[in-house]
Protein chains: 2
Amino acid sequence: MKRVTTEDVAKIAGVSQSTVSRVLNDYPYIKKNTRDKVLAVINELGFTRDEIARSLVEKRTKSIGLILGSISNPFFAETAEVIIERAQELKYDVIVYNTGHKDENLEQAINLLIGKRVEGIILTSVSKNYTEKIKKLHDNGFPVLLYNSFLDIKDVNFIVMDNNKGARLAVQHLIKLGHKKIAKISGPSKYLATYERTVGYKEEMMENGYEIDEGLIFNSEFSYDKIYSFTKKLLKKKDRPTAIIAASDQMALAVLDAASNLNLKIPADLSVVGFDNIRLSANEFIGLTTISQQMDQMSLTALEKLIFLIENKETSSSSIQIFLKPELMVRKTTGPAPVQD
Amino acid sequence: MKRVTTEDVAKIAGVSQSTVSRVLNDYPYIKKNTRDKVLAVINELGFTRDEIARSLVEKRTKSIGLILGSISNPFFAETAEVIIERAQELKYDVIVYNTGHKDENLEQAINLLIGKRVEGIILTSVSKNYTEKIKKLHDNGFPVLLYNSFLDIKDVNFIVMDNNKGARLAVQHLIKLGHKKIAKISGPSKYLATYERTVGYKEEMMENGYEIDEGLIFNSEFSYDKIYSFTKKLLKKKDRPTAIIAASDQMALAVLDAASNLNLKIPADLSVVGFDNIRLSANEFIGLTTISQQMDQMSLTALEKLIFLIENKETSSSSIQIFLKPELMVRKTTGPAPVQD
DNA sequence: CATGATTTTGAATACGTATTCAAAATCAAA
DNA sequence: TTTGATTTTGAATACGTATTCAAAATCATG
């Protein structure tokens with residue numbers, strides 16, 4: 001499949017390469033006659049412009065990078081969907097990487113994306129270990145946007161939920177329902193969001209006069225199997241918790257699964273709260289009580305802000321820092337605390 | 001952020017641009033001395049090779065396109081995850097598009113990807129309307145792989161499940177459980193897979209001595225809301241079906257949701273079978289009976305076959321056509337037919 | 001139809017890299 | 001040391017496009 005170039009088109013149309021290029025770019029000063037001739041040849045040969053070559057001279061690739069923790073988690077999938085669709089509308093394409101929450105993959109993904117000259121990157125799930133790397137990118141004027149992920153860097157662009165508040169909402173809700181033994185299963189401790197939520201949980205517990213039982217706070221990888229088996233172990237204990245706050249809706253599903261395996265009734269025996277409000281949570285068959293992140297809006301904003309950063313790189317210098325308000329969505333997986341023996 | 005080029009590096013290191021390029025590409029004949037000098041400068045300046053320029057001369061982009069129907073459907077999300085991760089290992093990057101099952105988006109995505117000079121495309125959800133377009137690509141020697149999607153084109157590469165057989169498995173299972181009124185909610189009729197499954201359904205019904213009730217066969221878009229409200233209407237009827245075969249697990253979830261809303265017990269009042277076997281289906285809390293597509297293997301194979309096609313474009317000419325065997329996964333959403341009044 | 005303004009075109013160049021070709025430097029052997 | 005082979009380097013060019021700059025063609029006006 002020999003590539004057809006503007007040169008080829010030019011030769012056949014009997015004009016110069018520059019003229020062909022002009023036709024492609026809708027230059028004003030082209031005789032209708034030649035334009036038609038060129039377009040005809042373009043059509044005939046099935047010419048398509050080589051965007052790679054174009055990128056080289058334009059110094060623009062019209063593509064962005066999207067680095068996700070794990071696409072199979074609906075939180076990321078739904079995010080990706082919104083971002084990718086909106087990007088297509090804006091004529092950007094999206095190179096997606098999936099880190100599987102592994103730091104080395106994140107590092108590699110960033111490097112490859114920079115090499116491919118993407119014009120900006122949306123990053124989810126950035127661990128504390130990468131603070132320096134992100135800072136350097138940002139300081140170099142490269143548009144980076146942290147999504148649902150927070151780092152302690154001055155001026156870096158991010159869009160996140162107020163994690164502390166989110167955790168507090170979950171705790172408040174459960175306390176109101178009479179729960180005293182509330183477990184918290186968090187994500188890996190390398191994420192700052194994890195830390196903040198844990199702090200929120202602790203603060204809210206204490207402000208309500210409960211002591212913090214460190215034995216009820218866990219960090220875990222985002223692996224279904226790990227959460228599942230871990231939860232089972234937890235729920236088999238004599239003094240098991242009556243409620244569990246999971247770090248994400250997906251985790252919550254694994255928790256529900258474990259509970260189901262032990263024949264615990266939800267919410268009669270156990271209340272479960274998730275985080276994210278993925279679409280599935282609203283499914284009446286499941287009805288997961290959760291802390292909503294306004295995902296659709298968050299991801300749409302993320303994309304648009306990134307594009308804004310890209311297209312106003314020179315002029316604007318202010319950074320974008322958005323905190324979204326979390327919201328409690330009460331559904332079927334939470335209920336009054338059971339009277340324990 | 002002025003870009004650092006090999007030229008810049010060369011100047012500072014006191015060598016020629018070609019030498020820098022050679023160092024980057026691990027050419028054998030470079031004096032240790034100069035190599036070290038160059039590498040030092042590269043490091044110091046934070047040089048990263050411009051893969052765009054490289055692509056232009058190498059005539060390779062090391063990137064592929066992935067066109068999905070809807071990433072928020074776990075079937076596609078899980079597929080994407082496997083493909084993207086394996087691609088990263090093989091040093092390819094993946095430009096993802098989401099068509100939302102809209103033909104015009106598919107068309108645009110293909111064009112943009114071709115423009116970006118991706119070396120191959122994995123396509124899901126290709127409607128019949130695009131047979132010609134795909135055929136042309138394929139005939140031009142461009143590596144295209146249809147994933148879970150079938151078109152009536154000679155020699156085109158695809159990897160699909162045996163849809164007819166899959167539908168038959170579902171029907172067999174339900175018939176064995178005593179169901180007589182089995183509804184089939186299919187995807188849009190523009191997909192050949194839809195057609196094949198419907199045929200499988202009909203054939204199996206007839207071979208078991210049941211008459212085909214066209215009033216029990218429906219085509220619907222993959223929209224949660226549509227499926228939900230449609231199913232509710234269907235289930236409110238006096239002579240409602242006792243079992244429903246959905247076109248995908250995600251659809252099945254909407255069906256379950258509708259049933260739940262009507263207070264129908266699953267599977268006592270209604271049996272539901274899905275298609276795909278997304279991970280969530282195995283969740284004990286849900287336990288969806290479904291037809292498994294061996295998704296992980298299917299997507300891994302898809303990527304590797306596409307790469308094979310790319311890297312052996314010249315030599316090999318045989319096409320890749322893989323039919324995977326569907327498998328029935330019996331779980332909690334199917335049970336004996338209720339005795340109806 | 002001459003003139004100047006305007007429209008239309010082509011030749012040449014740049015983008016950043018890899019590679020060819022030839023020259024320069026180094027080395028080994030006599 | 002000289003020779004011939006070998007290693008190491010640089011200059012020039014190509015990849016496919018966009019754009020500058022100047023020349024050619026066309027037009028309007030007197």
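Biologist: What radius of gyration does chain A have, against a compact globule of 341 residues?
Modeller: Chain A has 26 Å, whereas a compact globule of 341 residues would have a radius of gyration near 20 Å. The radius is taken over C-alpha atoms, and the globule rule is 2.2 Å times the number of residues to the power 0.38. This is a predicted model, in which local features need pLDDT of at least 70 and side-chain atom pairs count only at pLDDT 80 or more, while totals for chains, interfaces and linings use all residues. Residues are numbered from 1 along each chain as its sequence is written, and chains are lettered from A and ligands numbered from 1 in the order in which they are written.

Biologist: What box do the C-alpha atoms of chain A fill?
Modeller: Roughly 90 × 40 × 30 Å, taken along the principal axes.

Biologist: How many helices and strands in chain A?
Modeller: Chain A has 12 helices and 12 strands. Both are DSSP runs numbered from the N terminus, helices being H or I with at least four residues and strands E with at least two.

Biologist: And what percentage of chain A counts as buried?
Modeller: The figure is 48% of its 341 residues. A residue is buried if 20 or more other C-beta atoms lie within 10 Å of its own, exposed if 12 or fewer, and partly exposed in between, with C-beta atoms placed from the backbone.

Biologist: What share of the contacts in chain A is between residues 24 or more positions apart?
Modeller: Among contacts with a separation of 6 or more, 70%. Two residues are in contact if their C-beta atoms, placed from the backbone, lie within 7 Å.

Biologist: In which sense do β2(A) and β2 of chain B pair?
Modeller: Antiparallel, over 3 bridges. Two strands pair if DSSP finds at least two bridges between them. The bridge partner of A:Ile95 in β2(B) is B:Ile95.

Biologist: What about α5 of chain B, how far does it reach from its first C-alpha to its last?
Modeller: It spans 23 Å over 16 residues (74-89), close to the 22 Å expected at 1.5 Å a residue. The expected span is 1.5 Å times one less than the number of residues. In α5(B), 14 of the 16 residues are buried. B:Lys91, with a positive phi near 65°, follows α5(B).

Biologist: Why is β6 of chain A largely enclosed?
Modeller: Because 5 of the 5 residues of β6(A), 182-186, are buried, the rest of the structure largely encloses that strand. On one side are A:Ile182, A:Lys184 and A:Ser186, and on the other A:Ala183 and A:Ile185.

Biologist: Which residue stands opposite A:Ile185 in β8(A)?
Modeller: A:Ala246. β6(A) and β8(A) (243-246) run parallel and are joined by 4 bridges. β6(A) also pairs in the parallel sense with β7(A) (217-219), over 3 bridges, and there A:Ile185 stands opposite A:Phe218.

Biologist: Last one: is B:Gly200 buried or exposed?
Modeller: B:Gly200 counts as buried, with 22 C-beta neighbours inside 10 Å. B:Gly200 is in helix α9 (192-207) of chain B. Leaving out residues up to four places away in sequence, B:Gly200 touches B:Asn163, B:Asn164, B:Lys165, B:Gly166, B:Ala167 and B:Arg168.
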